[in-house]
Amino acid sequence: MPERSGSGEPTGVSPSRAGGRTARQRLALITLLAGCAWAGWALGQRSAPPSGSAQRQLQVKVQSEVSQLQDRLGRGAATALDRQRLLSLLLGLGRQAEAIVLLEQMADQEPGRWSLRLLLADLRRTAHDRSGAERELRQILNQDPGQIEALQRMALLQLEQGRGREARSQLQGLLNKAQSPTVEPQALAIGLLLADLMQRQGDLPEAAQLNQQLSEQFPRDARPWLALALVRQQQGDGPASQRALVQARSRLGGQGAQRLDQVAVSWGLTDLRGPSGAPAQSSGAAAAAN
């Protein structure tokens, strides 16, 4: 039995049990850095729904606004803000098919605005139209093969369809190009995505090796160390995971470091800070993390 922290979380987790927690941990960990988040649209905040007559009045008002906007759109008098407002309302009402039609028009009118086609791909995937989602993503990748948000979604689609080997081969090819003859900045994002795919496929040693390589190629960036910590945690190696988190913490500051401390505690690891509050240090930490 693994030891448990005071919160009841195991300090050493077997690979099989860690696999059940990995999906929740991955996003919280990797997105500690602002630059790691996917691009997308904010679809608005939903407040608690009113009740009774107030709710009925609100529904009538929303439906009326949708009708007015659709009429304006049909007459060719709708502005860009009108279309965005209509899209938001349609999505809020769950009228996904109409939202897809509108979004297709918007994406065609602004082909350089990738966020529109990314959202369209997301809607098609939600509607179980994976071929349609892939078609939208390929339109982006045909213009920019290294567009990371589209690559992320494409890899997920391919993995869901049992085409993980294809996704991996494509990402490896892109990574090779980004690393030769010199290492380009985009190699980091592509490499992290490839390592994440390896991890999802259960190839943990290869994922760890790639994250270690990225940490050496981008020594000031915390993300490879964060990803490596997650792999080590999934492998059940708590000490190595903690050493990787210490390396990541030394490259973060302020709120990022504080959130990383919370991650360590949630994993049942000891405090990443030394007695003085500075990041804990250990001899050969970088080599040991590997």
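Predicted model: local features only at pLDDT ≥ 70, side-chain atom pairs only at ≥ 80, totals over all residues.

Author: Residues are numbered from 1 along each chain as its sequence is written, and side-chain values use heavy atoms, leaving out hydrogens and water.

Contact means heavy atoms within 4.5 Å. The chain has 14 helices and zero strands. These are DSSP runs, numbered from the N terminus: helices are H or I with at least four residues, strands E with at least two. Of 290 residues, 42% are buried (under 20% relative accessible area, 1.4 Å probe, protein chains only).

Now the pair. Helix α5 spans residues 114-126, and helix α7 spans residues 148-160. Their axes lie 10 Å apart, at an angle of about 15°. Axes are lines fitted to C-alpha atoms over the stretch in contact, and angles run from 0 to 180 degrees between N-to-C directions. That angle makes α5 roughly parallel to α7 (under 35 degrees). The crossing is left-handed: the near helix is turned anticlockwise from the far one by less than a right angle.

From α5, the contact uses Leu 118, Asp 122 and Arg 125. From α7 come Glu 149, Ala 150, Arg 153, Leu 156, Leu 157 and Glu 160. Four of these contact residues are nonpolar, five are charged and none is polar. Here Ala, Val, Leu, Ile, Met, Phe, Trp, Tyr, Cys and Pro count as nonpolar, Asp, Glu, Lys and Arg as charged, and the others, Gly among them, as polar.

How values were computed:
Parallel < 35°, antiparallel > 145°, perpendicular 65-115°, else oblique. Buried < 20%, exposed > 50% of the residue type's maximum accessible area, 1.4 Å probe, protein only.
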